[in-house]
Amino acid sequence: MRTIAARFSPYLWRRTPINSQPQRFSTSSFGRDEQSIEQEAERKVGWLLKLIFAGTATVIGYQIFPYMGDNLMQQSVSLLQVKDPLFKRMGASRLARFAIDDERRMKIVEIGGAQHLLNMLESARDDRTRKEALKALFAISKSDAAAVVLHQAGTISIIKSTLESGEDAEVGNYKSNLLSRFQDLSYDIRS
């Protein structure tokens with residue numbers, strides 16, 4: 001049975017019908033045209049795929065890595081509202097790095113970053129969190145307009161009520177720098 005099937009299988013599974021004659025084309029011009037069309041189509045599809053990939057990467061990059069603009073500042077302020085001290089420190093550290101000119105310092109104050117930093121400083125239980133909050137407040141207070149807003153928010157009393165650190169001397173340095181900054185602006189720091 002197997003031998004019979006082996007003999008008939010070439011006839012049964014043939015791709016071209018038995019009676020049909022193969023058509024002959026001029027392969028010289030047809031082959032080149034077909035080949036050039038295929039290469040052009042592959043090239044266009046390749047560019048289309050590259051553009052789709054670049055567009056997708058740009059959109060994803062803008063959403064995930066917004067290193068510039070207000071979006072990252074807003075995210076940093078949002079980190080100050082989280083309960084975990086690590087995220088609070090990360091947010092404060094970012095805000096301290098953003099506070100490089102008066103415009104950005106005022107933007108941080110406008111979006112509520114200064115008030116959240118003060119809340120963070122009041123509720124901080126460890127020295128590292130206090131240090132990052134004080135560092136960010138000091139960076140923001142370099143702007144006179146931002147320092148006025150910080151003073152109105154009661155920064156001096158909050159700084160004075162902050163516990164001294166026995167382990168980290170930078171906490172005391174930032175406290176004294178902030179108090180001297182407010183004193184330079186002619187605010188009464190004795191209260």
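Buried denotes a relative accessible area under 20%, exposed one over 50%, and partly exposed a value in between (1.4 Å probe, protein chains only). The model shown is predicted, so that local features need pLDDT of at least 70 and side-chain atom pairs count only at pLDDT 80 or more, while totals for chains, interfaces and linings use all residues. Residues are numbered from 1 along each chain as its sequence is written, and side-chain values use heavy atoms, with hydrogens and water left out.

**View 1. Overall content of the chain.** The secondary structure amounts to 10 helices and 0 strands, where helices (H or I, at least four residues) and strands (E, at least two) are DSSP runs numbered from the N terminus. Along the sequence the pattern reads α-α-α-α-α-α-α-α-α-α. Of the 191 residues in the chain, 31% are buried. Contact means heavy atoms within 4.5 Å; among contacts between residues at least 6 apart in sequence, 62% join residues at least 24 apart.

**View 2. The largest nonpolar core.** A nonpolar core is a set of buried Ala, Val, Leu, Ile, Met, Phe, Trp, Tyr and Cys residues joined through side-chain atoms within 4.5 Å. The largest such core has 35 residues, and Leu117, Ile140 and Phe182 touch the most other members. Two or more residues each are given to this core by α3 (70-79), α4 (85-98), α5 (102-110), α6, α7 (127-140), α8 (144-152), α9 (155-161) and α10 (169-184). The largest share, 7 residues, comes from α7.

**View 3. The buried side of helix α6.** Within α6 (residues 113-123), the buried residues are Gly113, Ala114, Leu117, Leu118, Met120 and Leu121. These residues lie on the same side of α6 because they cover an arc of only 160° around the axis, the arc being that of the directions from the helix axis to the C-beta atoms. Beyond its neighbours within four places in sequence, Leu117 is in contact with Leu80, Ala92, Leu95, Ala133, Ala136, Leu137 and Ile140. Asn119 also belongs to helix α6, but is partly exposed, with a relative accessible area of 35%. The C-alpha atoms of Asn119 and Ile158 are 9.0 Å from each other, although these residues are 39 apart along the chain.

**View 4. Packing of α4 against α7.** Two packed helices are described by the angle between their axes and the distance between the axes. Axes are lines fitted to C-alpha atoms, for helices over the stretch in contact, and angles run from 0 to 180 degrees between N-to-C directions. For α4 and α7 the angle is about 20° and the axes are 8 Å apart. The two helices, α4 and α7, are therefore roughly parallel, given that angles under 35 degrees count as roughly parallel, over 145 as roughly antiparallel, 65 to 115 as roughly perpendicular and the rest as oblique. The contact involves Pro85, Arg89, Ala92, Ser93 and Ala96 of α4, together with Arg128, Thr129, Glu132, Ala133, Lys135, Ala136 and Ala139 of α7.

**View 5. Packing of α7 against α10.** The axes of α7 and α10 come within 9 Å and cross at roughly 30°. This makes α7 roughly parallel to α10. On the α7 side the contact is made by Asp127, Lys131, Leu134, Lys135, Leu137 and Phe138, and on the α10 side by Glu170, Val171, Tyr174, Lys175, Asn177 and Leu178.

View 6. Leu134 lies in α7 and counts as buried at 0% relative accessibility. Not counting residues up to four places away in sequence, Leu134 touches Leu121, Ile159, Val171, Tyr174, Lys175 and Leu178. The C-alpha atoms of Leu134 and Ala96, 38 residues apart along the chain, are separated by 9.4 Å. Arg130 is likewise placed in helix α7 and, at 6% relative accessibility, counts as buried. With residues up to four places away in sequence again not counted, Arg130 touches Leu121, Ala124, Arg125, Thr162 and Leu163.

View 7. Ala146, Ala147 and Leu150 are buried in α8. They cover an arc of only 100° around the axis, which puts them on the same side of α8. The cover over the buried residues of α8 includes α5, α6, α7, α9 and α10. Gly154, which follows α8, has a positive phi near 90°. In the loop between α9 and α10 is Glu167, which is exposed at a relative accessible area of 77%. A separation of 10.0 Å is found between the C-alpha atoms of Glu167 and Arg128, residues 39 apart along the chain.
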